[in-house]
Amino acid sequence: MYLSRLTLTPSRVALNWLSNPYRVHQRLMMACGSDPRMLFRIEEDDATPRILVQSWNVPDWSISFDSFHVLVQPVEVKPFELHLSAGQMLRFYLVANPAVKRDGRRLGLLGETEQHAWLERKLSGSGAEMAACRATSLGLHHSRKKAEDSEPVHLMVRFEGLLQVKDPEKLVSAVSAGIGPAKGFGYGLLSLARAG
């Protein structure tokens, strides 16, 4: 797999583009060769907006950005491979859309207790056990394909904490596939790092 970090100018053009995750996904896919497992996360924790992209194909960012001038610097790209072992403790970071399907509709889980339970279920099914977690609601986010379309609304929640690896192979697969719904809108990219 490959990780790419895009650092953007805080220009009006860049911020307008970032405001519609559907358009962000479209442009990122241009570079990733229509990789069906491409995941991304928009990170706006400081004054410099960034996008983290995980892909299986080697991305060619010139296709996406040679004529769309929103980058501060060339995109940083590095290959990565996860080597996990059962019992290992890891820090995790995830921006997700915790939701359940009821009566054919997907509904966001607004309560922190429900959000924690949702993530516990997702991690348990992904070969990990949650040891500690902090959930921060980032509000409701809108995106649309065309101006006349109704806007899909997604609840955005940032999860940070510790997990223990139970089944390394399943957890690697979960990192590759992403966690939860709305991946095409920038949700589900699970980042792992050594604890301590």
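User: Which radius of gyration does the protein chain have, against that of a compact globule?

Analyst: This is a predicted model, where local features need pLDDT of at least 70, side-chain atom pairs count only at pLDDT 80 or more, and totals for chains, interfaces and linings use all residues. Residues are numbered from 1 along each chain as its sequence is written, and side-chain values use heavy atoms, leaving out hydrogens and water. The radius is taken over C-alpha atoms, and the globule rule is 2.2 Å times the number of residues to the power 0.38. For 196 residues a compact globule would be near 16 Å, which agrees with the chain's 17 Å.

User: How many helices and strands does the protein chain have?

Analyst: Both are DSSP runs, numbered from the N terminus: helices are H or I, at least four residues, and strands are E, at least two. On that basis the protein chain has 5 helices and 10 strands.

User: Which residues have the most contacts inside the largest nonpolar core?

Analyst: A nonpolar core is a set of buried Ala, Val, Leu, Ile, Met, Phe, Trp, Tyr and Cys residues joined through side-chain atoms within 4.5 Å. Buried means under 20% relative accessible area, with a 1.4 Å probe and protein chains only. The largest core holds 29 residues, and β9 gives the most, with 5. The most contacts inside this core belong to L119, F159 and L163.

User: With which residues is L119 in contact, leaving aside its neighbours within four places in sequence?

Analyst: Contact means heavy atoms within 4.5 Å. With those neighbours set aside, the partners of L119 are F92, L94, M130, C133 and F159.

User: Which residues of helix α2 are buried?

Analyst: Helix α2 covers residues 21–31. Its buried residues pack against β1 (2–7), α1 (12–18), β2 (39–43), β3 (50–55), α3 (61–65) and β8. They are P21, Y22, V24, L28, M29 and A31.

User: Why does P59 count as buried?

Analyst: P59 lies in the loop between β3 and α3. Leaving aside neighbours within four places in sequence, P59 is in contact with Y2, S4, A31, C32 and V77. P59 counts as buried because its relative accessibility is 10%.

User: What separates the C-alpha atoms of P59 and L171?

Analyst: Along the chain, P59 and L171 are 112 residues apart. Their C-alpha atoms are separated by 24 Å.

Definitions and conventions: Buried < 20%, exposed > 50% of the residue type's maximum accessible area, 1.4 Å probe, protein only.
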